[in-house]
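Please read it alongside the sequence and coordinates shown below.

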Amino acid sequence: MEKTIVLFSYAKINLSIDVGDVMKNGMHPVDMVMQQISLRDEISIRFTDEITAEAINRFEVNPDGFQIYLRTNLRYLPNNRHNLAWKAAELMINEYGDRVEPKGLIEIFIKKRIPVAAGMAGGSGNAAAIMHGLNAMWELGLSLEELCEQGAKLGSDIPFCLMAQAKSNRDLPENIRYSNIASTCARARGTGTELSKVRPLKSSILVVTPRLSISTRTVFAGIDECRISDRPNNDKLCRALRYGDKSAAYSEMINVLEEFTLKEYPEVAELKQFMSETCEGARKVLMSGSGPTVFAIFDSNNQAKKYAATFKEKSCFAFWARTMI
């Protein structure tokens, strides 16, 4: 038996982020709006019960009789349990492997295009794609709600990635594609896993990522010491998106994590200022997640394309994309 599925794992940007005081469990409550964009990784998943002797020698055998073989097009990315996609495959084995006969090899290849550690949920999206793919190939019949519940065990961005990919991958089961919660835009509260659908923003995006790595944990630890000067009103933002009032939406696109990141990482502050000053026609310039990615919103593809070429010359990772609707 052999089955193969190819899925797309899309990047996300944060249209807003608000953060509350740290809780007893060490986590911060959030209230944010996330939007899927067209930049994507390609995830190929092959499942076969024909495991060769060579494979047995090369790959670790899961206690339940499964094996995982993961590769990417980036040599520096881990191809073991330190990769979130691997953890997603293990989770699916541990939770649902007893329903699968015969057992076999899960072979994964991830073609990365989304920058790594850039605040765009690249790793979380890859994990979500693995969960979607195994649910489909193993014919588990899980609902999108059930997948989101499981995905939350691995990371707070994974449930949104599951919701958004359900809307954008045509090879998924119908109950997933047409789920009531499938959406490319959502408001996330609590630990980031309490999600509600939001009408997507329809715009072109310029995304610029400097060659800089920023730890999300460091940013959230540091935000407690910051004085927050301006916070988004996410009720107003969601209402503005619902009625297509873009100007009202732009005024509420605020990321409070900028208070820490822009001060501690001047490269990001300089990038945001430069984009704000030079990108004519940009409706909003904002940092995504905890950084270092900064994006600008435009009305037309041509504007976003033009500036993407400009920033590539500055040795930044720069591209234009569309919001997914």
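Y307 is buried at 8% relative accessibility, where buried means under 20% relative accessible area, exposed over 50% and partly exposed in between, with a 1.4 Å probe and protein chains only. The model is predicted, so that local features need pLDDT of at least 70 and side-chain atom pairs count only at pLDDT 80 or more, while totals for chains, interfaces and linings use all residues. Residues are numbered from 1 along each chain as its sequence is written, and side-chain values use heavy atoms, with hydrogens and water left out.

**Aromatic rings**
- Rings of Phe, Tyr and Trp (its six-membered ring) pair if their centres lie within 6.5 Å, and planes under 30 degrees apart count as stacked, over 60 as edge-to-face and the rest as tilted; by this rule there are 7 aromatic pairs.
- One of these pairs joins F298 and Y307, which is stacked because the ring centres are 5.8 Å apart and the planes lie at 15°.
- F298, the partner of Y307 in that stacked pair, is buried at 0% relative accessibility.
- F47, F66 and W138 are linked by ring pairs into a cluster.

**Charge over a ring**
- The charged end of R40 sits over the ring of F8, 3.5 Å from its centre, the criterion being NZ of Lys or CZ of Arg within 6 Å of the ring centre and within 35 degrees of the ring normal.

**Cysteines**
- With a disulfide taken as a pair of cysteine sulfur atoms within 2.5 Å, the count is 0 disulfides.
- C148 is in no disulfide, and the nearest cysteine sulfur, that of C161, is 9.8 Å away.
- C148 is buried with a relative accessible area of 10%, and C161 is buried at 3% relative accessibility.
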